[in-house]
Amino acid sequence: MNHTLRLLAFVVCASSTVVSAQTATDAKPPAKDIWPEREATIAVDAKTPRIRIGIWDSGVDTTLFPSRIARDKSGKLMVRGYDAFKKRQDTPMEDMPADLLARQDELNALTMALDDLDTKVDSPGARDLMKRQLTISAKERDAIYDDVDRWGGYIHGSAVADAALTTHPRAELVIARMEWWHGNPPVPCWSREMANREADSIHDLLNFLVESGARVVNMSWGRYERSYQKNLEQCAKELPLEERNAIARYSVDTIRAVLRAGMMAAPRVLFVGAAGNEGKTITQSNPATRLDLPNFMLIGAVDRSGTKASFSNAGPEVALYANGWRIPGRLPGGVMAYGTGTSLAAPLVSNTAAKMLAVNSQLTGADLRRLLQQTADTNSAGLRLMHSAKAVESARASLGGR
């Protein structure tokens, strides 16, 4: 989780899985796009099972997916959520201030302009924003990016959902929503009590996703130790440094324990997490999702040529790499934007796993991880690159052995 003044499209403070401008501008545009030839397509008919993908994120604009949200037996949309104070609030998106909602078109345009700037794409929006920054005060500029920061959390899950559903007509969504803190100083200010409440909410959301029949759960967030430290630096300066660090570590450890227990109890589900965009090792970043389980995968980002993105976290804990460069995803209102980061690489893996289940629903979470890794090839740095087409074919071939 990085709080920056210049934020790339789809920035979510809760996860730090979307790239900041400082790191994205270091990346070079790829020379060749290797991904279209790897894309998996599946033929579907009435016998093809519906596969439920859990979007565990900051919320999903359900109006963009009118027929793709799973429903329970009573016909109710499968949605569960918690607000920033970790109180139950079963709405598909955050309850945003009316003044921000009224600026939807403006904030969408700013989001897309920042995305273009950060990936060195020349566009009218990017040029206009560059000029605007030269004519406003630092205070006005900070206010703009604070709003875009908040808006980024609001829209993040919708873009993730678009990536998870792409070219999979039999996939449907289960929505688990979680909010982060807002403002500077942040509200709520963190504490051990808040850590326990967040762990309880995560326990409930994980159980909800499993009980709702999700076979793949996308988690484009991390809950990083440094994130909690920064919160306390801003709002609890009176606490000794040792105590602030202890609260941060307690938060990560408590959440990790809940995730580990819940995932171990759900072997039929593959959980897919985003590695994060700090350009560090997973050990250095220490997300709560630093887990070693057979049915969990951390996903790193490479560019369109298959070269590791400089912003992507790495390390032996990262099980697979996927394209994380300018992935199409809609914003509220339906406008298409192009986000970059491990947040957008992870749902492409979730999409492939859901396609594998469509051709072989008997696969377990561990099976899915194993086949995804076995069918991957490696780049010049030895990193495993997802090959969707080979993974789906391997899933189909393994059906005969069961």
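**Figure 1. Helices α5 and α10 cross at roughly 35° in this predicted model.** The two axes, of α5 (residues 138-165) and α10 (residues 342-359), come within 7 Å. Their crossing is right-handed.

**Figure 2. Residues of α5 meet residues of α10.** On the α5 side the contact is made by H156, A159, V160, A163, A164 and L165. On the α10 side, S343, L344, P347, L348 and N351 take part. Sorted by type, the residues of this contact are 8 nonpolar and 3 polar, with no charged residue.

**Figure 3. The largest nonpolar core has 52 residues.** I299, M356 and L372 are the residues with the most contacts inside this core. Helix α10 gives the most to the core, with 11 residues.

**Figure 4. Another core, of 50 residues, lies apart from the largest one.** Its members include M178, W181, V302 and V318.

**Figure 5. The setting of these views is a protein with 12 helices and 11 strands.** Buried residues make up 59% of its 402 residues. Of the contacts between residues at least 6 apart in sequence, 78% join residues at least 24 apart. The C-alpha trace spans about 65 × 45 × 45 Å along its principal axes. A compact globule with 402 residues would have a radius of gyration near 21 Å, so the 20 Å of the protein agrees with that.

Conventions
Residues are numbered from 1 along each chain as its sequence is written. This is a predicted model: local features need pLDDT of at least 70, side-chain atom pairs count only at pLDDT 80 or more; totals for chains, interfaces and linings use all residues. Side-chain values use heavy atoms; hydrogens and water are left out. Axes are lines fitted to C-alpha atoms, for helices over the stretch in contact, and angles run from 0 to 180 degrees between N-to-C directions. Helices (H or I, at least four residues) and strands (E, at least two) are DSSP runs, numbered from the N terminus. A crossing is left-handed if the near helix is turned anticlockwise from the far one by less than a right angle, and right-handed if clockwise. Contact means heavy atoms within 4.5 Å. Ala, Val, Leu, Ile, Met, Phe, Trp, Tyr, Cys and Pro count as nonpolar, Asp, Glu, Lys and Arg as charged, and the others, Gly among them, as polar. A nonpolar core is a set of buried Ala, Val, Leu, Ile, Met, Phe, Trp, Tyr and Cys residues joined through side-chain atoms within 4.5 Å. Buried means under 20% relative accessible area, exposed over 50%, partly exposed in between (1.4 Å probe, protein chains only). The radius of gyration is taken over C-alpha atoms; the globule rule is 2.2 Å times the number of residues to the power 0.38.
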